[in-house]
Each structure stands twice: as structure tokens, then as C-alpha cells.
Amino acid sequence: GGIALGLAAIAGFQFYQGRQDAQKLEASKQFETFVTAQEAGNLDEAAGLAASLSKNFADTPYPALAALRRSSALLGEGKTEDALKALDGAIAGTKDEALAELLKLRAARAELALGRHDAAIARLADVDLPAYTAMREEIRGDALAAQGKRDEARKAFQDALTATDVASPTRVLLELKLADAGGAPTTPEA
């Protein structure tokens, strides 16, 4: 009886893993179809596929990735509010902390584009991962500079520069933003 129970447990576990793998494969295929539709300019089809990913594959990273791509396309069309809605919908369903914080950063940028500087800063409160420090502080600096708070903007841009690699292509832009806020970039020590 114990052997039969053990074999049944092993078979059940293998069935479960096979089903999980099949679901991940289906989510991957649907995301690929979404990307193809979006790149072809079939935005209605892409929107439907993004909604399907959110509904049927919420436990995978694909809904968040689709929201990032979809929001970029919507921003390119000048549909900032729609982009923000897409990002907010994905933030709520994302279990991956890094993806959730990336979505929050994109949402903060959308708030900036809408001229809602306080809302942009508020969205940065939950972004804690060290990998996103430079982006978070740059967005904070942009919002503060737009509000005319040069001293606070200068500190945010300096913090962004400190967190940015010396060889990063964004470093020059950060240095320009810092200089515009009245600061002077420091030369990093080798």
C-alpha cells in the first residue's frame, strides 16, 4: 500500500509539473503572437492578446512584459492615460518584484508626461531595488526640477549619477541634468 501511494504521489507530481510546463509554453507562444501583432500595427489584436495573457497566465511574467511593450506603443501614439492604465493593471497582478518595480518606474514616467509631478514622486516610494536606484532618482529629479525645486532636484540627480556606471550611455544626460539644476558632476575615482 505504501509503495502504491508513493508511486501515485510521484505520478501526480509529474503530471502537475508537465501541466505547468505546458502552461508556460502556451503563455510564451501567446506573448510571441502579441509581439508580432503589435509590431505589425494590429493594436486591437495586441490589446486582446495582452488581456488574454493577464486573464489566463497571470502567474507568469508575460502579462507584465506585454504591459511594458503596450505602454511604450501607447505613449508613442500620445495615449499617455491609456499607457498608465495598462501599467497600473499589470502592477496589481505582477508577483515578480523586479518587474513590478520596473512597471512602477514606467508609470512614474507616464505621470511626468502628464504633468503630474507629485503623483510621479509618489509612485517612486515603493521602488527599493538597488538596480533601479539611478532610474528612480533621475525620475525624482525630473519631477522636482519641473516643480522648480532646484536644490532637491540637484540632490536627486547627484544620487542618480552616483548609482550610474561610469561607462553608461545615460551618464552624460544625467550630468547635463545635474548642471541644469545648478550642480557640478564629480569625477568618479578609478
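Predicted model: local features only at pLDDT ≥ 70, side-chain atom pairs only at ≥ 80, totals over all residues.
I'll start with H3 and H5. Their axes cross at roughly 15° and come within 10 Å of each other. That angle falls under the cut-off, so H3 and H5 are roughly parallel. The handedness of this crossing is left-handed. On the H3 side, the residues in the contact are Ala 64, Leu 65, Ala 67, Leu 68, Ser 71 and Ser 72. They meet Leu 99, Leu 102, Leu 103 and Arg 106 of H5. Sorted by class, the H3 to H5 contact has 7 nonpolar, 2 polar and 1 charged residues.

Next, H5 with H7. H5 covers residues 97-113 and H7 covers residues 133-146. The angle here is about 15°, and the axes are 10 Å apart. H5 and H7 are therefore roughly parallel as well. This crossing, too, is left-handed. From H5, the contact takes in Leu 102, Leu 105, Ala 108, Arg 109 and Leu 112. From H7, it takes in Met 135, Arg 136, Glu 138, Ile 139, Asp 142 and Ala 143. The class count for H5 with H7 is 7 nonpolar, no polar and 4 charged residues.

Now the aromatic rings. How many aromatic pairs does the structure hold? There are 2. One of them joins Phe 31 and Tyr 62, with 5.3 Å centre to centre and 40° between the planes, and this pair is tilted. Where do the two partners sit? Phe 31 is in helix H1, residues 2-39, and Tyr 62 is in helix H3, residues 62-76. They are 31 residues apart, so the pair links distant parts of the chain. Ring pairs also bring in Phe 34, giving a cluster of Phe 31, Phe 34 and Tyr 62.

Is Phe 31 buried or exposed? Its relative accessibility is 15%, and therefore Phe 31 counts as buried.

Gln 30 has a relative accessibility of 11%; the cut-off for buried is under 20%, so Gln 30 counts as buried. What does Gln 30 touch, apart from neighbours within four places in sequence? Its contacts are Leu 49, Ser 52, Leu 53 and Phe 57.

How values were computed. Residues numbered from 1 in each chain as written. Heavy atoms only, no water. Axes fitted to C-alpha atoms, helices over the stretch in contact; angles between N-to-C directions. Helix = DSSP H or I, 4+ residues; strand = E, 2+ residues; numbered from the N terminus. Parallel < 35°, antiparallel > 145°, perpendicular 65-115°, else oblique. Left-handed = near helix turned anticlockwise from the far one by under 90°. Contact = heavy atoms within 4.5 Å. Nonpolar A, V, L, I, M, F, W, Y, C, P; charged D, E, K, R; others polar. Phe/Tyr/Trp six-rings, centres within 6.5 Å; stacked < 30°, edge-to-face > 60°. Buried < 20%, exposed > 50% of the residue type's maximum accessible area, 1.4 Å probe, protein only.
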